[in-house]
Amino acid sequence: MFDMCAMKIHEYQAKRILIKYGVKVPEGKVATTAAEAGEVARELGGKVAVKAQVHAGGRGKGGGIKLAQSAEEAEELAGQLLGSRLVTPQTGPKGKVVNRVLIEKCVNIEKEFYLGILIDRSQQRPVFMASREGGVEIEEVAQKNPELILKEHVHPGVGLQAFQARKIAFGLGLEGKAVGNATRFMSSLYRAFESSDASLAEINPLVLTDQGELCALDAKMAFDDSGLYRHSEVLEMRDLDEEEPLEIEASHHQLNYIKLDGQVGCMVNGAGLAMATMDIIKLEGASPANFLDVGGGADAEQVQNAFRILLSDENVKAVLINIFGGIMRCDVVAEGVVQAAREIGVGVPVVVRLEGTNVEEGREILKNSGLDFAVATDMGDAARKVRDLIQSGE
C-alpha cells in the first residue's frame with residue numbers, strides 16, 4: 001500500500017505507537033550495533049528474531065529477517081545485517097543500507113493473517129482489509145485471489161463498531177475467545193490509526209499464538225502529511241536516511257516530489273494532473289522519472305526549484321512541463337522555467353504544454369526566450385513529443 005503524500009516510519013517506531021493504544025506486539029528493542037543486539041537478545045532469553053529496519057516491504061524475501069537460537073547467534077546475525085545493503089522487491093536494485101535492527105522475542109505461532117487499515121478515497125472513509133493469507137504481499141493476494149480479502153468500511157463519525165470487528169474475526173476463521181481478543185485488537189488498532197492521523201496501519205502478519213492471543217508480528221504505519229503539524233512526536237520519527245535526497249530537498253521548497261524509475265521528468269500543478277500526465281506518458285510508450293507537483297499557487301522561484309530538482313536526476317532524458325493555469329498563471333510558470341533554464345543550463349529536451357490563465361502570455365515568454373523549448377498543443381501531443389525526443393536522442 002502506498003500514499004504519495006504520506007510520511008513513513010520504521011517498524012519499531014510503529015510498534016511504539018501501537019503499544020500506547022493497547023495493541024499487543026512482541027517484546028523487543030532496537031539495536032544499532034552487533035554487541036547491543038546480543039545484549040538485548042540475552043535480556044529476551046536468547047531465542048529471538050533479528051529484523052532489519054528499513055522503509056521497504058519484502059524484508060523476509062530479501063534476507064532482512066533472521067531467527068537466532070541464542071544471544072551469540074543474534075549478535076552474529078545483527079553484525080551481518082548492520083551496514084549491509086538490503087535489496088527487496090520494494091527497494092529497487094540499489095537496496096537500502098541497514099542502520100539498525102529490531103531484536104524481538106520469538107512467539108509460538110498457530111496461524112498467520114493480514115490486517116490493515118487505509119483510506120478508501122472512493123468511499124471517503126477508512127476501510128479495514130483482512131485476509132487469511134498472512135505473511136505475503138497483500139497486493140499479490142488481491143491480484144491472484146481477490147475473493148480472499150475481507151473489507152469493512154468504517155464511518156468516521158462513529159468509528160469501528162464491535163459487530164464489524166466480530167464480522168472480520170469470523171471471516172478470518174477465528175473461534176472462541178480468539179474472537180473477543182480480535183475484537184479488542186482491532187478496536188485498539190483503529191484508535192491508533194485515527195488518533196495519529198495515519199493514512200495506513202498494516203499488520204502483516206497478524207498472528208494467533210498458541211495461547212489464543214493476537215499479536216502484531218510486523219507493523220507498518222504511514223501518516224498524512226497534512227496532519228503532521230498536530231503530531232510533533234510522529235514528525236520526530238522521520239528518518240531522512242531512508243528518503244531520496246531529491247525528495248528531501250523538494251519538501252524544503254513545499255514541493256511534492258516522488259522519484260520513479262523512468263526517463264521523463266514531469267512538472268505539473270495538481271496531483272490529479274500529475275497522475276494523468278504519468279498515465280499518458282506510459283500510454284505513448286515512455287516512462288515517468290518522477291511525480292512532481294508544484295501545487296496550485298507556486299511562484300516563479302518554486303518553479304525554478306522544481307526545474308532544478310528535475311534536472312538533478314541523472315536518469316531524466318527529457319522534461320515534460322504540463323501546467324493548467326488557474327490560481328497559478330501560465331506566464332508565471334513560463335518565467336520560472338526560462339530563468340531556471342538560463343541559470344542551470346539544460347542538457348535535455350524540454351516539452352511544454354500550457355493551458356489556462358494567461359496562456360498566450362506564457363507562450364510568448366517561451367517563444368521569445370531564445371531557448372529551444374518544444375511547445376505542445378495538448379497532453380497527447382506533449383507525451384508523443386517527449387517520447388519521440390527521447391527515442392531520437394536529440
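1. Cys 330, Asp 331, Ala 334, Glu 335 and Val 338 of helix 11 are in contact with Val 359, Glu 361, Gly 362, Ile 365 and Leu 366 of helix 12. By class, the residues of this contact comprise six nonpolar, one polar and three charged. The model is a predicted one, and the points below should be read with that in mind.

2. On the geometry of the pair: helix 11 covers residues 330-344 and helix 12 covers residues 359-367. Their axes come within 7 Å and cross at roughly 15°. Angles under 35 degrees count as roughly parallel, so helix 11 is roughly parallel to helix 12. The crossing of helix 11 past helix 12 is right-handed.

3. Asn 358 sits in the loop between strand 18 (350-356) and helix 12. Its phi is near 60°, a positive value in a residue other than glycine. Val 359, in helix 12, is among the residues that meet helix 11.

4. A second residue of this kind is Asp 197, with phi near 55°, again positive in a residue other than glycine. Asp 197 belongs to the loop between helix 6 and strand 11. Helix 6 spans residues 177-195, and strand 11 spans residues 198-209.

5. Strand 11 also holds Pro 205. The peptide bond that joins Asn 204 and Pro 205 is cis, with omega about 10°.

6. How many cavities of 30 Å³ or more does a search of the whole structure find? The search finds one. The largest cavity contains about 30 Å³ of space.

7. The lining of the largest cavity is made up of Leu 115, Leu 172, Leu 174, Ala 182, Phe 185, Met 186, Leu 206 and Leu 214. Helix 6 supplies the largest share of this lining, three residues. How does the lining divide between nonpolar, polar and charged residues? It has eight nonpolar, no polar and no charged residues.

Methods:
Residues numbered from 1 in each chain as written. Predicted model: local features only at pLDDT ≥ 70, side-chain atom pairs only at ≥ 80, totals over all residues. Heavy atoms only, no water. Axes fitted to C-alpha atoms, helices over the stretch in contact; angles between N-to-C directions. Helix = DSSP H or I, 4+ residues; strand = E, 2+ residues; numbered from the N terminus. Parallel < 35°, antiparallel > 145°, perpendicular 65-115°, else oblique. Left-handed = near helix turned anticlockwise from the far one by under 90°. Contact = heavy atoms within 4.5 Å. Nonpolar A, V, L, I, M, F, W, Y, C, P; charged D, E, K, R; others polar. 1 Å grid on protein atoms, 1.4 Å probe; cavity = no way out; pocket = protein on both sides within 12 Å on 5 of 7 lines; lining within 4 Å. Points joined across faces, edges and corners; volume = space filled by probe spheres on them.
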